[in-house]
Amino acid sequence: MATVIDGKAVAQTIRSEIAEEVRALSQKYGKVPGLAVVIVGNRKDSQSYVGMKRKACAELGIKSFDIDLPEQVSESDLIKQVHQLNVNPDVHGILVQLPLPKHINEEKVLSEISLEKDVDGFHPLNIGKLAMKDRDPLFLPCTPKACIELLSRSGVSIKGKKAVVVGRSNIVGLPASLLLLKADATVTIVHSRTTQPESIIREADIVIAAAGQPMMIKGSWIKPGAAVIDVGTNAVDDPTKKSGYRLVGDVDFEEASKVAGWITPVPGGVGPMTVTMLLHNTLEGAKRCFE
Ligand code: GUN
């Protein structure tokens, strides 16, 4: 049976470490880190994510700047807002929650965020540096950073291992594969056009699943002893729940946990760690600014 990686517990440990550093900075400089979280429109999922991020800031003594804009906001007004945050000395991190409404060019908005405040790590220049050998971005994207942190805190070494990333999104799959490459893994990306993904996944010592397909990865696809990090957060109907649904990952946990060496559950695996990495990035941004 696999060791189940308790993301909630790891996240709690790291959050205590961050809170301690925030206290120390506040004593030394009389200032605390600040994170601006910008949300456009009323998407339920985005509001729930943004709520978690703002709440976590409050718990750790990080000041959150809440910017809530209507669905109809123009691209230029949103960019103006970003420019104001760029020059606000109390803001050390800026996060624009994605996806943005269709009339706004996401890439354009993300490129306007000051590099020094790009705590999501989505600025094209930060992603570019992530893709290059011997260059370091100022910030690592939060979910891929969470995956690597969970592996390293569980004692799974990455160097020289065969890693397979399932999914090639800008937010998770692509940057996760670049981060694994930086950590000296041999990396393969499996995506929706890959033929026979199972035969490739079966070779992997490390699997990062970020396809957004409920329980797509079966136990028989996993190499015995592999480390499996499940980023999927899929809502599936479940009439036995009061809400009418439950969350499942991209991996069939029941089956895969009998074969893998390590596995993250959904919920309680990568999810709580992602927000924690955002707070960690904000702390890093503030430290660079104060010190
Ligand atoms: N939407 C889904 N995940 C993320 C994320 O990590 N950052 C932002 N800004 N938007 C998201």
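The model is predicted.

**Whole chain**

Start with the whole protein chain in cartoon view. Its secondary structure amounts to 10 helices and 11 strands. The radius of gyration is 19 Å, close to the 19 Å given by the globule rule for 291 residues, so the chain is as compact as a globular protein of that length. Along the principal axes, the C-alpha atoms fill a box of roughly 50 × 40 × 40 Å. Of the 291 residues, 43% are buried. Counting contacts between residues at least 6 apart in sequence, 67% join residues at least 24 apart.

Next select residues 34–40, which are strand 2, together with 63–69 (strand 3) and 93–96 (strand 4). These 3 strands make an open sheet with parallel pairing, in the order 3-2-4. Strands 3 and 4 are the edges, each pairing on one side only. From one strand to the next the twist averages 15 degrees.

Zoom in on strand 2 and strand 4, which pair in the parallel sense over 4 bridges. Show Val-38 and look across to strand 4, where its bridge partner is Val-96.

**The nonpolar core**

Switch to side chains and select Val-166, Val-207, Ile-208, Val-228 and Ile-229. These have the most contacts inside the largest nonpolar core, a set of 86 residues. Helix 10, residues 270–290, gives the most to this core, with 8 residues. Domain 1 (29–114) and domain 2 (142–271) each supply at least three residues to the core. In soluble globular proteins, nonpolar side chains tend to be buried together.

Center on Val-228. Which residues is Val-228 in contact with, leaving aside its neighbours within four places in sequence? They are Val-207, Ile-222, Val-251, Ala-256, Ala-260, Trp-262 and Ile-263.

**Two cis peptide bonds**

Go to Leu-98 and Pro-99, which are joined by a cis peptide bond with omega of about 0 degrees. Pro-99 sits in the loop between strand 4 and helix 4, the latter spanning 106–112.

Then move to Val-266 and Pro-267, where the peptide bond is also cis, with omega near -5 degrees. The loop holding Pro-267 runs between strand 11 (262–263) and helix 10.

**Two aspartates with positive phi**

Select Asp-134. Its phi is near 60 degrees, a positive value in a residue other than glycine. Asp-134 lies in the loop between helix 5 (124–131) and helix 6 (142–153). Is Asp-134 buried or exposed? It counts as exposed, because there are 6 C-beta neighbours inside 10 Å, and the cut-off for exposed is 12 or fewer.

Asp-184 is in the loop between helix 7 (173–182) and strand 6 (186–190). With 13 other C-beta atoms within 10 Å, Asp-184 is partly exposed.

Conventions: Residues are numbered from 1 along each chain as its sequence is written. This is a predicted model: local features need pLDDT of at least 70, side-chain atom pairs count only at pLDDT 80 or more; totals for chains, interfaces and linings use all residues. Two strands pair if DSSP finds at least two bridges between them. Axes are lines fitted to C-alpha atoms, for helices over the stretch in contact, and angles run from 0 to 180 degrees between N-to-C directions. A nonpolar core is a set of buried Ala, Val, Leu, Ile, Met, Phe, Trp, Tyr and Cys residues joined through C-beta atoms within 7 Å. A residue is buried if 20 or more other C-beta atoms lie within 10 Å of its own, exposed if 12 or fewer, and partly exposed in between; C-beta atoms are placed from the backbone. Domain bounds come from an automatic or database domain assignment. Two residues are in contact if their C-beta atoms, placed from the backbone, lie within 7 Å. The radius of gyration is taken over C-alpha atoms; the globule rule is 2.2 Å times the number of residues to the power 0.38.
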